[in-house]
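Work through the exercises below with the structure open beside you. Try each task before you read its solution.

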Amino acid sequence: MLSLTRLIEKKLQEALEKVVKGQSDQSFVSEINCNPQLSPASKPEYGDFQANCALSLAKPFKQSPRQIAINIVDQLHKDDTFLKLCKPAQIAGPGFINLTLRESCLIKELNDRFIDARLGVPVTEKTCLADSPCQVVIDFSSPNIAKEMHVGHLRSTIIGDSLARVLEFRGYPVLRLNHVGDWGTQFGMLITHLKDVAPLALQQQDALELGDLVAFYREAKKRFDTDQLFQQASREEVVKLQRGEEPSKRAWTMLCEQSRKEFQKIYDRLDIRLIERGESFYNSYLQEVVHDLDSYGLLVIDDGARCVFLKGHKNGEEHTAPPVIVQKRDGGFNYSTTDLAAVRYRLAPIPQGDGAHRVIYVTDAGQTSHFAGVFEVAKLANWVPEGARLEHVPFGLVQGEDGKKLKTRSGETVRLCDLLDEAVERAESDLRKRLIDEGRNEDENFIQHVATTVGIAAVKYADLSQNRNTNYQFSFDRMLALQGNTAPYLLYALVRISGIYRKGGEHDLSSEGLHFTEPQEWALIRELLKFDEVIVLVEEELLPNRLCNYLFELSQIFNRFYDQVPVLKAPKKSRMSRLALCRLTAETLRIGMGLLGISTLERM
RNA sequence: GGGGCUGUAGCUCAGCUGGAUAGAGCGACGGUUUCCUAAACCGUAGGUCGUGGGUUCGAGUCCCGCCAGCCCCGCCA
């Protein structure tokens, strides 16, 4: 209903302007805000929209808000276009103008949806170079080489993927970047240690499992902290690596390759596509970054380190913020330098960089001040083109049901593969129990397929359905619950629709002569028509939970309809119309869940 | 000391540009199945929106103070 909303807003604004012109006292007119303040009705009883402008105009007009509302409505009712769209406007309460769409108008919108594979969601109109859609970069997931993916990577991976899907659906070219931790002193440590204890592993592909690497990493870290000689050797190893010396470089390549294979298993299970471009990619740009900043006079040498000092602001007062260090006392670079090089590269025009217009970082909220500093420096260094956006998309911690950081029973970090295994196992045992209770007989393939789909969907949906800013309390029981705002609930709604088509709905595909009589039908129609607005909202706010909320509400409204209104046994005219509604509901749920990265089922 | 996030029903959370009597789900209690998958639907109970001020015709939402929890703050990422 995006375009319809805009049209009604325009009509209201015209009416409002006429009312303003008709005022005897024009002295205040320039100060008046002619925004009609149109919003969706806060309750179904109030219709489809409400306009709140009359209330705020009472004071400048020196009239009662109700009188102003009457004047606006009088103007509206002279407008034929408006009258074709809406029933006569109602004035309610202190001066709200309530608008209800005509059924003919809803039906027309609905018909447009039936023939639109995009369900009314427009392709973005924003264009950049050569009138093509603007390039978006999303930086998400980003595990560390030589370590296993753990629960700490869950949210970034799931949220980042969903945002990428939404932006892609809106027609943006999206570069999904996996900014893996593939550089730094830890590799010096690890390679030095492996040379001692498992030299073969550095020459031969597949000699080590990632699990072994993690153990070796721990040992290496221990030695590094206690053994001076080892520390020295590790530092030298880093230097060799940075120079690209052959045995070291080859060992590093191997470690990366090994990790990559493990990561890919997780990404395959989660159905996530990523392009790996790790920190090491930016090595050759680090020096240029420092040079650039220096040429803008931004660098200050403080205690031997090259820093950029930024000013913080609060209530107009300045205070000193900690500096962004771009080159350490020993000449080495750190993560700020890498992130600056990445920003610079991503924003630079195409042969030199990615030519991005919007760069989105999906990382935990702990890095908020880090990114604020990096973005600020990028602006000062003139790397950010006019209109380009740099956005940090922060998210809270994953907590256990005790409210503390999620750990295993023995107190260790939860591995992502274990977490997914458990979700699928629980889904499987739930399913088996239900099959017995209901006396159903299904083959192994079906059970495995349903359990996998439900388990993965539950993990993803539980994460996405929560406002990402808050910490997230992880609970298998809640996410796999068969009722409430969960993936199984949504999947079930779709399964019910599929059931209708299995039992003889296939032949009624015509959407001509739509005919609706029941309030449950109209409620479902109104909800279906909101889909486009929700998608555009998510694109702007980068909050997938808004989409989840919508899909949950849609499922609830559908389930009510399903429960209270017969479809297959309805008279012919209603039957056709209801089947059409079912079909659109199914499409909306499928596409909506698809944008969350969740695949759906016909039966479960 | 500086900064960020959070605080809404017993529990887990929604609440978009400030708008009408603050909403879901779970849990509790009660009801519904000769009918498209009851993994559903209907109903009841449950609130000083952390707290004190301010702005406004109107504040869960905006501004200021305070309290509580979590997190970040120069050479780790």
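This is a predicted model: local features need pLDDT of at least 70, side-chain atom pairs count only at pLDDT 80 or more; totals for chains, interfaces and linings use all residues.

Residues are numbered from 1 along each chain as its sequence is written, chains are lettered from A and ligands numbered from 1 in the order in which they are written, and side-chain values use heavy atoms, with hydrogens and water left out.

**Exercise 1. Describe the protein surface near RNA strand B.**

Step 1. Find the neighbours. A residue is near the strand if one of its heavy atoms lies within 4 Å of it. 69 residues surround RNA strand B. The closest are Lys 328, Arg 434, Tyr 492, Arg 560 and Tyr 562.

Step 2. Sort by class. Ala, Val, Leu, Ile, Met, Phe, Trp, Tyr, Cys and Pro count as nonpolar, Asp, Glu, Lys and Arg as charged, and the others, Gly among them, as polar. The surface near RNA strand B has 22 nonpolar, 27 polar and 20 charged residues.

Step 3. Look at single atoms. A polar side-chain atom of Tyr 489 lies 2.6 Å from a phosphate oxygen of RNA strand B. Val 565 has a backbone N or O atom 2.9 Å from a base nitrogen of RNA strand B.

Step 4. Find the main contributor. Helices are DSSP runs (H or I, at least four residues), numbered from the N terminus. H20 gives the largest share of the surface near RNA strand B, 10 residues.

**Exercise 2. Locate the largest nonpolar core and examine Leu 547.**

Step 1. Know the term. A nonpolar core is a set of buried Ala, Val, Leu, Ile, Met, Phe, Trp, Tyr and Cys residues joined through side-chain atoms within 4.5 Å. Buried means under 20% relative accessible area (1.4 Å probe, protein chains only).

Step 2. Read the core. The largest one has 160 residues. Ile 8, Leu 99, Ile 138 and Leu 547 touch the most other members. Helix H15 (residues 444–464) gives the most to this core, 12 residues.

Step 3. List contacts (heavy atoms within 4.5 Å). Among those of Leu 547 are Phe 531, Val 534 and Leu 595.

**Exercise 3. Is Ser 156 buried or exposed?**

Step 1. Ser 156 counts as buried because its relative accessibility is 5%.

Step 2. Check its partners. A polar side-chain atom of Ser 156 lies 2.7 Å from the backbone oxygen of Val 362. Ser 156 also touches residues including Phe 140 and Phe 395.

Definitions and conventions:
A polar contact is a pair of N or O atoms within 3.5 Å; within protein, one must be able to donate a hydrogen and the other to accept it, and residues adjacent in sequence count only if both atoms are side-chain atoms. Helices (H or I, at least four residues) and strands (E, at least two) are DSSP runs, numbered from the N terminus. Buried means under 20% relative accessible area, exposed over 50%, partly exposed in between (1.4 Å probe, protein chains only). Lists of a residue's contacts leave out its neighbours within four places in sequence.
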